[in-house]
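Me: I am new to this structure and would like a close look at one part of it, the place where the two chains meet. Please take me through that part slowly, and then show me how it relates to what lies around it.

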Amino acid sequence: MNPALRIPAEFVAPSTEDMHLPPLFEVGSFAFGKQTLLILLSVVLIAGFFMFVIRRRAMVPSKGQFLGEMGYGFVRNHLGRDIIGEKDFRPFVPLLFTFFFFLLVNNLFGSIPVLQLPTFSHPGSAYILAAIAYVVWVAVGIRRHGLGQFMVKMTMPPNVPKILYVILIPLEFLSNLIIRPVTHALRVFATMFAGHMAIMVAAALTAFLATEVGGVLGVGGSVFGIVLGLFIYFLEVLIQVLQAYIFTLLFAVYVQGALQEGH
Amino acid sequence: MNAMVLAAEGSQNPLIPDVWEMLITGIGFVILLFIAIKFIVPAFEKVFADRANAIEGGLAKARAAQAEAKAARDEYNQQLESARLEAQKIREEARSEGEKILADFKDRANMESARITENAHKAIEAERAAAVVSLRDEVGTLATQLASKIVGESLDDDARANRVVDRFLADLDAEQGRTGAAR
């Protein structure tokens, strides 16, 4: 039970604790909760959906297959081919596909009643995904250019007066190799966390006004709370889709930057 | 506000990750990636490739059919042209053949007619000569008889008779020539 929805004498804003429901079961320190369950559910949903719609491999697609092809084709063509480039994009299609749909489905869990938890509002999930993306694009860059050349590419932008490299090399190193993965992770985590929190606040506000304050003012205020909550809800759906897209897009851009010839 | 601060203090730092959540997310991601690499991507790529091939194959087939049709038409036109030339040649030959035959026949007819005319001329000449000879004889005899009758003397002597006849004939010729000239 959400403690914010209990009826306190004074309004208590919901906190991060409310995003961490008690685990379903525990083995030692391993707590299997709603969040981990949703992660596994998303894997089953995505794999199940795409394998189901493509099972016939029909030349003339059914509605389901068409939908699957649209989703797959979007990632393949717009995030893969258009950004990484015709020559190199093919090996990255599975990664892009997995990133995009894994994030999309997990984010949308936040807008599905009952599930109602964007998985990436828990920071660990965002960190690990950004870490995978980081390792992949750095490895790809080093494999393509060699470690030395890759570092030069990352830290020494071309067509700059030599004297500026004194400042630029540490700055570029910091921005490209340290801040970049951190922001990559925090961007999706923070938006999901904040969105979830905003909806919780709107819900708690509505409940508090309707049940605790009461009267004309309280009920009228709770209507406002509902409207606010709905507005935030639709904004959240938009942000959830957008963040999945942005995360994958950035990964594609990083890979493209790592593969790019010259500098 | 107070309550919010209190709540925030009471809760853990939201940036501290749960290691188990990281692990589960990582495992889930890897499983999904594996399924994508193994099944989903190949299946979709195969469908895309098949469709592209089907379209390209159709286009290639259409192009081939078009080329074939064009070749057939060219060949047909060529045959038509050669047939037309052949016909013209045959017509030309027939005409010249006909002309040759006609000229041949004309020549032969001309020759035949010339021959016939010549023969006729010869026959007429001969007839005339014969007529002249026989006339001369007859006229001589008649004249002799007449003269002997008129003169009353025998003109049996051949030499004399001939002389008389010749003289008579010469007179006759001269007279004829005069009348001819007068005419």
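Reply: In this predicted model, 35 residues of chain B are in contact with 39 residues of chain A. On the side of chain B that touches chain A, the elements that give two or more residues are α1 (2–10) and α2 of chain B, and of these α2(B) gives the most, with 25 residues. Sorted by class, that side of chain B has 25 nonpolar, five polar and five charged residues.

Part of chain B also carries a record: an unreviewed UniProt entry annotates residues 20–41 of chain B as "transmembrane region". Over residues 20–41 the chain is 100% helix and 0% strand, with the end C-alpha atoms 29 Å apart.

From here one can turn to the packing inside the model, where the largest nonpolar core has 59 residues, and where A:L96, A:F97, A:F100, A:L103, A:F251 and A:V255 touch the most other members. Two or more residues of this core come from each of several elements, including α2 (19–151) of chain B as well as α1 (34–53), α3 (93–108) and α7 (215–259) of chain A. The largest share, eleven residues, comes from α3(A).

Definitions and conventions:
Residues numbered from 1 in each chain as written. Chains lettered and ligands numbered in written order. Predicted model: local features only at pLDDT ≥ 70, side-chain atom pairs only at ≥ 80, totals over all residues. Core = buried A, V, L, I, M, F, W, Y, C linked by C-beta atoms within 7 Å. Buried ≥ 20, exposed ≤ 12 C-beta atoms within 10 Å, placed from the backbone. Helix = DSSP H or I, 4+ residues; strand = E, 2+ residues; numbered from the N terminus. UniProt positions renumbered as here; feature names shortened; annotations may be inferred. Contact = placed C-beta atoms within 7 Å. Nonpolar A, V, L, I, M, F, W, Y, C, P; charged D, E, K, R; others polar.
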